[in-house]
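The entries are in the order in which I made them.

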Amino acid sequence: MLVSLAAVVLTILAACGQTSPDQPEAVSGACAEGRTLRFAFYAFFEPVSASADPDPDSAGFADHVGYEADLLTALEEMDGAGLVFDRIPVADWPDIWLLPAGDDFDVAGGGITILESRTRDAAGDEVVVFTSGHIGFRQSLLVRAAEASLYATHADLTEEVRVGVLAATTGEARLLQLTGLADPRGTLAEGTRIATDAGPLVADGSDRYVITAAGSSSRLESRRRLDPPSSEMPVVVYLGEDTGETELLDALADGSIDAVARGEIGNLEAARANGDGGAFAVTALDPEVELGGWTLPATEPALIACLDQKLDYLTDHRTIGYAEWVADPDVFLRRARSWTP
């Protein structure tokens, strides 16, 4: 299922004018000779990007593991690339993509979907730029296996169903759109009831009540729950603010929620790793494919182009992706060692 994403990703990249096998990026020399790049990685998106130990107080929290960790290691192995990364775990997801716009980080990653809206700060200025996509995502639902037939599509989600999400993710944004709780611009449906830390609110259908994958209206920043205006829409429960998606999986297992809305890759891994005896199943695959990339300061065009060239080589222009890495975790390292500058 995941292998088929490669062809779709290539089609999207071509449509967006990104690098393809017929349009190689012309970059020569080292990307960052003599400079260690401080890489902020999201600590709770296993198996794409995670800390080896999810406990922030443990020594293993600083150890980066997963698909993107192996890509970074391969980049460091490429002869003449001049790339060295200092990997720093980040527990907070919202706005992680904007971290390189500050003084503490040079690059940010961790399963971040490429969105133009995520390149801009609160003032609307473009402050970061994404590398070209190195992984494809599709949104999905993770449900208890015994209930998979009940929640086969997003149309099956009614007011009796509680769906858990992590705020400010594409999982949240697409769930709201696909169930009618929000329009394509992220404006919540009129009559949606919102529980926040500051008290209850009711959406009036205006742009004062907007939720997108890049952020939300200020009044919705502390949202905890959405109750739908229609019986044909689900209840949305917000979890994972402190411990990431682990809290969502625990809530699904103990029955506190009925589904988790997030990317197919993470859900498939959860079904495999946490679905003892087939306890979890993945359903409701989104027809839209997203691309994941890393962000760098908008003032670093040469470094971005150089990284794109190296990532294009390691992924063989997106024909080697998550499914190939799962089958052969050394695939990127071998390609790095065959690189000729």
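Below are my notes on the chain as a whole, then on its spaces, and then on single residues.

**Entry 1: what I am looking at**

I noted that this is a predicted model, in which local features need pLDDT of at least 70 and side-chain atom pairs count only at pLDDT 80 or more, while totals for chains, interfaces and linings use all residues. Residues are numbered from 1 along each chain as its sequence is written, and side-chain values use heavy atoms, with hydrogens and water left out.

**Entry 2: the chain as a whole**

I listed the secondary structure, which comes to 8 helices and 19 strands; helices (H or I, at least four residues) and strands (E, at least two) are DSSP runs, numbered from the N terminus. I then looked up the extent of the C-alpha trace, which spans about 60 × 50 × 45 Å along its principal axes.

Why does the radius of gyration agree with a compact globule? With 341 residues, such a globule would have a radius of gyration near 20 Å, and the chain has 20 Å. The radius is taken over C-alpha atoms, and the globule rule is 2.2 Å times the number of residues to the power 0.38.

Of the 341 residues, 53% count as buried, where buried means under 20% relative accessible area, exposed over 50%, and partly exposed in between (1.4 Å probe, protein chains only). The accessible surface of the chain comes to about 14400 Å², and 50% of it belongs to carbon and sulfur atoms; these areas come from the Shrake-Rupley method with a 1.4 Å probe, and for residues only the protein chains shown count as cover. I also wrote down that, among contacts (heavy atoms within 4.5 Å) with a separation of 6 or more, 68% are between residues 24 or more positions apart.

On a 1 Å grid over the protein atoms alone, a cavity is a set of points where a 1.4 Å probe fits but cannot get out, a pocket is an open set with protein on both sides within 12 Å along at least five of seven lines, and lining residues have an atom within 4 Å of a point. Grid points are joined across faces, edges and corners, and a volume is the space filled by probe spheres set on the points.

The whole structure has 3 cavities of 30 Å³ or more, and about 200 Å³ of space lies in the largest cavity. Its lining has 18 residues, and F45, G111, T169, T170 and E245 lie nearest the centre. I found that β6 (107-113), α3 (170-178) and β17 (259-263) each supply at least two residues of this lining. By class, the lining of the largest cavity has 6 nonpolar, 8 polar and 4 charged residues, where Ala, Val, Leu, Ile, Met, Phe, Trp, Tyr, Cys and Pro count as nonpolar, Asp, Glu, Lys and Arg as charged, and the others, Gly among them, as polar.

The largest pocket holds about 660 Å³ of space. It is lined by 27 residues, and P94, A168, G215, S216 and E221 are the closest to its centre. Its lining has 13 nonpolar, 5 polar and 9 charged residues.

**Entry 3: helix α3**

I returned to α3, which is mostly covered, with 7 of its 9 residues buried; among them are T170, E172 and L176. Just after α3, G180 takes a positive phi of about 85°.

Is F130 buried or exposed? F130, in strand β7 (residues 128-130), is buried, with a relative accessible area of 10%. Beyond its neighbours within four places in sequence, F130 is in contact with residues including L115, W294 and I304, and the C-alpha atoms of F130 and L115 are separated by 8.4 Å.

V161 lies in the loop between β9 (139-144) and β10 (162-165) and is buried at a relative accessible area of 3%. Its contacts, again leaving aside neighbours within four places, are Y151, D156, P234, V235 and D258.

**Entry 4: backbone details**

A cis peptide bond joins E46 and P47, with omega about 10°, and P47 lies in the loop between β2 (44-45) and β3 (49-51). D95 has a positive phi near 65° although it is not glycine, and D95 is partly exposed at 38% relative accessible area. H317 has a positive phi near 55°, and at 17% relative accessibility H317 counts as buried.
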